[in-house]
Protein chains: 2
Amino acid sequence: MPDHTVKSFATELEAVSTNVARMGGLAESMTTDSINAVVRRDTALAEAVILRDQKVDAAQRELERQVIKLVALRQPVAVDLREALAAWKIAGDLERIGDLAKNISKRTLVLNQSDPIQLTRGIERMGRIVAGRLKDVLDSYSARDVRRALSVWMQDDEVDAHYNSLFRELLTYMMEDPRKIGPCAHLLFVAKNIERIGDHCTNIAETVHYLVTGEDIGGERPKSSDEAERGISAP
Amino acid sequence: MPDHTVKSFATELEAVSTNVARMGGLAESMTTDSINAVVRRDTALAEAVILRDQKVDAAQRELERQVIKLVALRQPVAVDLREALAAWKIAGDLERIGDLAKNISKRTLVLNQSDPIQLTRGIERMGRIVAGRLKDVLDSYSARDVRRALSVWMQDDEVDAHYNSLFRELLTYMMEDPRKIGPCAHLLFVAKNIERIGDHCTNIAETVHYLVTGEDIGGERPKSSDEAERGISAP
């Protein structure tokens, strides 16, 4: 095979991976901004997040096209094929993260129409943890660092514990004051969306593991919050 | 190329597509059973749904392995490559549908620990619509029928309207009786999960369209329930 073909293939694969990293940056900023917007009741910031989601969607479509072209024309094997498939998978998770951040922001617009509720501290804490996990897992992808990916993968329970305590807190607020039921219902979904962003970080960690090692992560995935909720279901 | 190779490739591709159809059957039965279990307060059925989710997960992992092997060894192009990628994508949506049905069933176990609430009619109606859409979109995949896929894709608003009315109804119940807040919070998530199964049907419809025509569906996706919720946010 002439040298320039090999180079050009490596360049194409690198372009795919760079595009995933850019999508990652977008999803990261949307996550952080959506949390800040809901905590600070910042309508303008929430609106900016909602608009930014179109960029993530467009980036995903573009990336899928790029991967299909690459696989069809270059027919990569082994680690190169894993690179292409990992990019495809991670782009899917990032697109979902963008959607979830957008949904948090849409709920922020609604929440800002009624009186503030004193409980965004829990949302803020949980949001920071999840934003940190997203940063870490994107770094693990950039560095093809399995150990770092595994450490993100192991941290899922921390987010679940926060979600669990927020769920209780919100139900208590609702019971204390029926006028808070509407806003609190939206905050329940905000909390759930943050937790789901965490789940997508876990997915990405699994993909990085597969990309680098060629194997699935062994063992059971950290338990989901569904289990946690069961204990507090009859308040 | 010797004839037996061609045949064997077609057979492999058919096996992939058959496995997607089987996963579809599993996801469909989980959806229907999870709705029936929550409506009838059937704990045994809910537990069966939860167990069945492992099968869907295993089927997805198997299917991804199959597709990777097929793409790596056979290096398909054009419609054959689209077949492989569509199978991969649809399997991802079906796995998520299985997760959502499992989550509905876990909440059913919780709900069955407290007194029944008279509002499962809305859940039942919404559940039937979504189960019908899932059946239709799986049929459209089996028949490679774009028109049928498009008709599923267009029906998203109907589910949103039901979700919207359920959301209102549940908040009203919560306000009337604080003891219902816990169970109603779980039902909010059950309703959301049903709506999300509907979203995955929309995704699958988009994939079938891409598979058959090689092009993305034009125009905006039917609007999501986020919009709907905004109008009823300050009850």
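Predicted model: local features only at pLDDT ≥ 70, side-chain atom pairs only at ≥ 80, totals over all residues.
## The interface between the chains

The part of chain A that meets its partner comprises 41 residues, which are in contact with 42 residues of chain B. The size of an interface is often given as the accessible area lost when the parts come together. For chain A and chain B this buried area is about 3800 Å², and carbon and sulfur atoms give 64% of that value.

Several helices of chain A each supply at least two residues of the side that touches chain B, namely α2 (43–74), α3 (78–111), α6 (156–176), α7 (181–213) and α8 (225–230). Sorted by residue class, that side of chain A consists of 21 nonpolar, seven polar and 13 charged residues.

## Symmetry of the two copies

Chain A is superposed on chain B by a rotation of 180° with 0.0 Å of shift along its axis, and the RMSD is 0.0 Å. The two copies are therefore related as by a two-fold rotation axis. Within chain A, Gln75(A) has the C-alpha nearest the axis, at 2.8 Å from it. Because 100% of the interface residues of chain A are also interface residues in chain B, the copies meet through the same surface.

## Two buried residues of chain B

Glu64(B) has its place in helix α2 (residues 43–74) of chain B. With a relative accessibility of 12%, Glu64(B) counts as buried, because the cut-off for that class is under 20%. When neighbours within four places in sequence are left aside, Glu64(B) is in contact with Lys89(A) and with Trp88(B), so that its contacts reach a residue of each chain.

Asn103(B), in turn, is found in helix α3 (residues 78–111) of chain B, and at 8% relative accessibility this residue also counts as buried. The side chain of Asn103(B) is joined to that of Asn193(B) by a polar contact of 2.7 Å. Asp57(B) and Asn103(B) are 46 residues apart along the chain, and their C-alpha atoms are separated by 14 Å.

Notes
Residues numbered from 1 in each chain as written. Chains lettered and ligands numbered in written order. Heavy atoms only, no water. Contact = heavy atoms within 4.5 Å. Buried area = accessible area lost by both parts, 1.4 Å probe. Helix = DSSP H or I, 4+ residues; strand = E, 2+ residues; numbered from the N terminus. Nonpolar A, V, L, I, M, F, W, Y, C, P; charged D, E, K, R; others polar. Buried < 20%, exposed > 50% of the residue type's maximum accessible area, 1.4 Å probe, protein only. Least-squares fit on C-alpha atoms with pLDDT ≥ 70 in both. Polar contact = N/O pair within 3.5 Å; in protein donor to acceptor, adjacent residues only side chain to side chain.
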